Amino acid sequence: MIAHLLKLTVQSDAPEMMKTSWYSSVTEHRFRVNKDLAENPSFKNYITEVISQAYADARKLVIKESKKANLGVRKPTDAEYPLDCPFLIEQLLDEDFYGDTD
């Protein structure tokens, strides 16, 4: 979910076909996270810690994937991806937040 939110934010100029896939992925994974949190309220005690690690992993993933971009898609630089998670927990869990300006 975080990787695709990053893509939607940094690669907002990507083709709509790609962005549609990213939106779907964010939606699906957000439903799973919210369901897990509802079923296991104690997870909320660890969410900040988990998000920090998940963001670091997501950032590495999108940087690697962006280097393989083709079909005329812009290849963002590593520096375009923030070192710290730019999303608030509330945004990550908000079913209407996608990190982009569309």
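**Figure 1. Ser66, a buried residue of helix H3.** Ser66 has a relative accessible area of 2% and is therefore buried (under 20% relative accessible area; exposed is over 50% and partly exposed lies in between, with a 1.4 Å probe and protein chains only). Ser66 lies in helix H3; helices here are DSSP runs of H or I with at least four residues, strands are runs of E with at least two, and both are numbered from the N terminus. Leaving out residues up to four places away in sequence, Ser66 touches Lys75, Pro76 and Tyr81, where contact means heavy atoms within 4.5 Å. The model is predicted, so local features need pLDDT of at least 70 and side-chain atom pairs count only at pLDDT 80 or more, while totals for chains, interfaces and linings use all residues. Residues are numbered from 1 along each chain as its sequence is written, and side-chain values use heavy atoms, with hydrogens and water left out.

**Figure 2. Gln11 in the loop between H1 and H2.** The loop that holds Gln11 runs between helix H1 (2–10) and helix H2 (16–39). Gln11 is buried, at 4% relative accessible area. Apart from neighbours within four places in sequence, Gln11 is in contact with Leu6, Lys19, Trp22, Val73, Arg74, Pro76 and Tyr81.

**Figure 3. Helix H1 and its cover.** Because 8 of the 9 residues of H1 are buried, this helix is largely enclosed by the rest of the structure. The buried residues of H1 are Ile2, Ala3, His4, Leu5, Leu6, Lys7, Leu8 and Val10. H2, H3 and H4 are among the parts that cover them. Ile2 touches Ile51, Ala54, Tyr55, Ala58, Phe87 and Leu92, again not counting residues up to four places away in sequence.

**Figure 4. The largest nonpolar core.** A nonpolar core is a set of buried Ala, Val, Leu, Ile, Met, Phe, Trp, Tyr and Cys residues joined through side-chain atoms within 4.5 Å. The largest one has 22 residues, of which Ile2, Leu5, Leu6, Val26, Tyr81, Phe87 and Leu92 touch the most other members. The elements that give two or more residues to this core are H1, H2 and helix H3 (47–67).

Figure 5. Side chains of opposite charge can pair when their charged atoms come close. A salt bridge is counted where a side-chain nitrogen of Lys or Arg is within 4 Å of a carboxyl oxygen of Asp or Glu, and the whole structure has 7 of them. In the salt bridge of Lys7 with Glu65, the closest N and O atoms are 2.3 Å apart. The pair links distant parts of the chain, with Lys7 in helix H1 and Glu65 in helix H3, 58 residues apart. Lys7 is buried, with a relative accessible area of 8%, whereas Glu65 is partly exposed at 35%.

Figure 6. Asp78 pairs with Lys67 in a salt bridge whose closest N and O atoms are 2.9 Å apart. Asp78 is partly exposed, with 33% relative accessibility. Arg74 forms a salt bridge with Glu80, and here the closest N and O atoms are 3.0 Å apart. Salt bridges with shared partners join Asp13, Arg74 and Glu80 into one network. Arg74 is partly exposed at 33% relative accessible area, and Glu80 is partly exposed at 32%.

**Figure 7. The largest pocket.** About 360 Å³ of space lies in this pocket. Its 16 lining residues include Met1, Val33, Ile47, Val50 and Ile51, the closest to the pocket centre. On a 1 Å grid over the protein atoms alone, a pocket is an open set of points where a 1.4 Å probe fits, with protein on both sides within 12 Å along at least five of seven lines, and lining residues have an atom within 4 Å of a point. Grid points are joined across faces, edges and corners, and the volume is the space filled by probe spheres set on the points. H1, H2, H3 and H4 each supply at least two lining residues, and the largest share, 5 residues, comes from H3. The lining has 14 nonpolar, no polar and 2 charged residues; Ala, Val, Leu, Ile, Met, Phe, Trp, Tyr, Cys and Pro count as nonpolar, Asp, Glu, Lys and Arg as charged, and the others, Gly among them, as polar.
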